[in-house]
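Open the model in your viewer and keep the selection tool at hand. The stops below go from one element to the next.

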Amino acid sequence: MGQKIGYARVSTIGQTLDIQVKNLKTFGCVKIYREKASGADAHRSELKKLIASLNEGDIVVVTRIDRLARSTFDLFSIVKDITNKKAQFHSIAEPWTDTSTSTGRLMLAVLGGLADVERDLIRTRTS
């Protein structure tokens with residue numbers, strides 16, 4: 001079995017990562033990637049490093065989904081990158097997202113469908 005690897009993010013310099021880091025350590029994360037960047041920023045260097053470092057069986061842990069992504073489309077895309085590495089995803093506050101369970105995979109498949117609808121709506125509005 002792999003390791004639990006945490007990801008903590010805040011949006012602004014004035015915010016602190018302390019509570020997230022504490023919760024991730026309590027959950028058993030052996031390494032925690034820390035980032036101060038907007039969730040809307042697609043070029044989050046620490047998130048990219050985390051995904052690049054994943055090994056089969058590792059579990060990416062966040063305290064809440066909104067720490068990982070700001071939209072269902074982004075969430076689905078990031079989780080897809082994680083699962084493509086044969087790793088798993090888990091949110092402490094939203095345990096239904098756990099990709100190691102069939103229910104978690106189902107919920108993310110539903111979110112993936114919603115992401116497709118969201119992308120189409122955006123395309124329609126901006127055309």
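Buried means under 20% relative accessible area, exposed over 50%, and partly exposed in between (1.4 Å probe, protein chains only). This is a predicted model, in which local features need pLDDT of at least 70, side-chain atom pairs count only at pLDDT 80 or more, and totals for chains, interfaces and linings use all residues. Residues are numbered from 1 along each chain as its sequence is written, and side-chain values use heavy atoms, with hydrogens and water left out.

Select Ser91, in strand S4 (residues 88-91). Helices (H or I, at least four residues) and strands (E, at least two) are DSSP runs, numbered from the N terminus. Ser91 counts as buried because its relative accessibility is 0%. Beyond its neighbours within four places in sequence, Ser91 has contacts (heavy atoms within 4.5 Å) with Val62, Thr63, Arg64, Ile65 and Thr97.

Next, select strand S3. Ile59 and Val61 on one side and Val60 and Val62 on the other are all buried, so both faces of S3 are covered. In a regular strand the side chains alternate between the two faces of the sheet.

Now show the strand pairs; two strands pair if DSSP finds at least two bridges between them. S3 runs parallel to S4, with 4 bridges, and Val60 has Phe89 as its bridge partner in S4. S1 and S3 also pair in the parallel sense, over 3 bridges; Lys4 stands opposite Ile59.

Last, select helix H2 (residues 45-53), where Glu46, Leu47, Leu50 and Ile51 are buried. Seen down the axis of H2, these buried residues fall within an arc of 135 degrees (taken from the directions from the helix axis to the C-beta atoms), so they line one face of the helix.
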